[in-house]
Amino acid sequence: PDEKRASHEYLAAEKRSRSAKRTLLQDFTCSTNVQGDVNGDCKFDANDYLALMRWIAGSDEYTNLTSTLGDADSFQRKQVDPTMDWMRGEDFDTSRCAVHGASGSPCPELRDAQFLLKVLEGDYRFLFATSVDDIIVLPESPYDSLTFQAQLFDYAGTGVSGEYTRVRFEFTSTNETYFANAAMSFAEAESYISSADGELPVRYAVEAPMSSAGLFSVTASGPSGEFAKENITVALVVETCESKCASSSVGSTSATIFPYTGVSLDPHMSALGYTYTPVLTFETPDPIAGANEDSYVSALQPQIISDDYQISGDGFGIGSTTYASLGAFSREFGIFVPGSTTTTKSVSAKLMADRCGDSTPTGFTEASATIAISRRPVSSVKLIVLTSTVYPDTAKLQVRFQLMDATTAGTVLQTGLSLRLSATLSEDATSVASIGCALPSL
């Protein structure tokens with residue numbers, strides 16, 4: 001039904017256009033803004049496609065964007081660029097806008113006209129955005145969360161259904177070495193790494209659930225509770241499904257796909273020739289004092305490990321590496337047992353350990369520290385008599401002893417240590433038995 005309606009409206013508009021010149025924006029005052037309303041008649045139909053084609057061709061009075069539709073911030077002006085190239089800033093070639101009497105975007109391209117036709121046919125959706133703030137919602141303070149959202153409408157201006165529409169965001173950093181906020185987490189959405197193994201910077205993708213009619217959104221929490229200050233780039237893809245969208249796959253062959261402006265989500269994106277091309281870039285503001293450094297370090301996934309544990313099992317980590325204080329991370333370890341000749345142990349801090357295995361990523365160094373493992377002198381001894389009663393024919397007297405240092409630890413310093421066990425008969429203090437004892441094994 002949508003395709004038949006679109007074809008009928010297109011033919012009717014083309015017939016009318018042969019006998020009358022379209023009226024432009026200045027002759028209408030709309031009570032509400034209408035997505036796709038290129039000609040300014042307060043509705044979206046095939047006439048807007050025809051008007052956009054005239055802008056592209058530069059015919060009749062369709063020659064000066066600024067004087068006719070307003071400046072770059074005008075809602076009406078943005079309708080000639082429904083593919084949102086105007087959000088790309090310096091990454092968009094604005095020289096093509098000069099032919100339309102404008103020094104910069106928004107300006108129309110042929111793919112914008114094709115987009116309007118696809119919306120009329122029900123295959124594409126309008127993305128509502130008048131500024132970056134409509135897609136990225138920045139909190140006031142503290143800077144601990146980011147909300148990515150996309151508000152989508154069909155040709156009739158109705159918020160689309162989540163059953164037949166799917167939205168995915170893909171983002172990374174403009175830094176070519178690393179993505180400081182890559183460790184962000186999403187509470188109610190599935191996120192995953194979309195970049196190839198070993199590719200830097202890492203790109204993350206997330207599917208946004210529908211939170212209200214036509215509004216798809218996800219909220220991300222920053223690493224270590226706050227986001228690092230950096231430039232983050234964002235791309236998104238909108239899928240319109242012929243039947244209900246599958247929830248288990250990245251894409252569906254039955255879906256019509258439009259990326260803003262290029263994503264790398266497979267299985268079909270690379271086959272269609274798309275690569276990661278963000279639709280916008282934004283800068284996260286300064287977090288509270290100290291959080292910047294913490295976020296950068298946390299995003300590199302520091303891990304503190306015992307080098308000796310990796311080799312001989314001597315010393316073991318308890319739990320995982322955790323945030324301790326500003327710029328500091330900590331981990332608890334089980335007992336390091338000093339051997340007869342080993343008096344030191346080594347502990348290392350490794351970055352991106354789960355991404356790079358045993359290798360250190362390019363541009364980073366691995367820090368290590370040597371820990372002196374020493375035994376304290378004997379401070380006390382605990383003796384336990386196992387043979388509680390001795391008879392005249394008793395052949396053995398069994399006792400056990402435990403040597404302890406000042407902290408009651410049982411591993412003591414053995415240098416210069418000698419042990420003797422003496423037994424004295426209480427009835428005859430001169431009758432003393434004394435034997436030497438071997439040093440403990442630990």
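Of the 442 residues of the chain, 41% count as buried, that is, they have under 20% relative accessible area with a 1.4 Å probe, protein chains only. The model is predicted, with local features needing pLDDT of at least 70 and side-chain atom pairs pLDDT 80 or more, while totals for chains, interfaces and linings use all residues. Residues are numbered from 1 along each chain as its sequence is written, and side-chain values use heavy atoms, without hydrogens and water.

The chain contains eight helices and 22 strands, which are DSSP runs (H or I of at least four residues for helices, E of at least two for strands) numbered from the N terminus.

Two of the helices illustrate how such elements meet. The axes of helix α2 (residues 46-57) and helix α5 (residues 110-120) come within 9 Å and cross at roughly 175°; axes are lines fitted to C-alpha atoms over the stretch in contact, and angles run from 0 to 180 degrees between N-to-C directions. The helices α2 and α5 are therefore roughly antiparallel, the word for angles over 145 degrees.

In this pairing, Ala46, Asp48, Tyr49, Leu52, Met53 and Ile56 of α2 meet Leu110, Asp112, Ala113, Leu116, Leu117 and Leu120 of α5, where contact means heavy atoms within 4.5 Å. The residues of this contact comprise ten nonpolar, no polar and two charged.

Within α5, the buried residues include Asp112, Ala113, Phe115, Leu116, Val119 and Leu120. These residues lie on the same side of α5, because they cover an arc of only 155° around the axis, taken from the directions from the helix axis to the C-beta atoms. After α5 comes Gly122, whose phi is positive, near 85°.

Conventions: Buried means under 20% relative accessible area, exposed over 50%, partly exposed in between (1.4 Å probe, protein chains only). Angles under 35 degrees count as roughly parallel, over 145 as roughly antiparallel, 65 to 115 as roughly perpendicular and the rest as oblique. Ala, Val, Leu, Ile, Met, Phe, Trp, Tyr, Cys and Pro count as nonpolar, Asp, Glu, Lys and Arg as charged, and the others, Gly among them, as polar.
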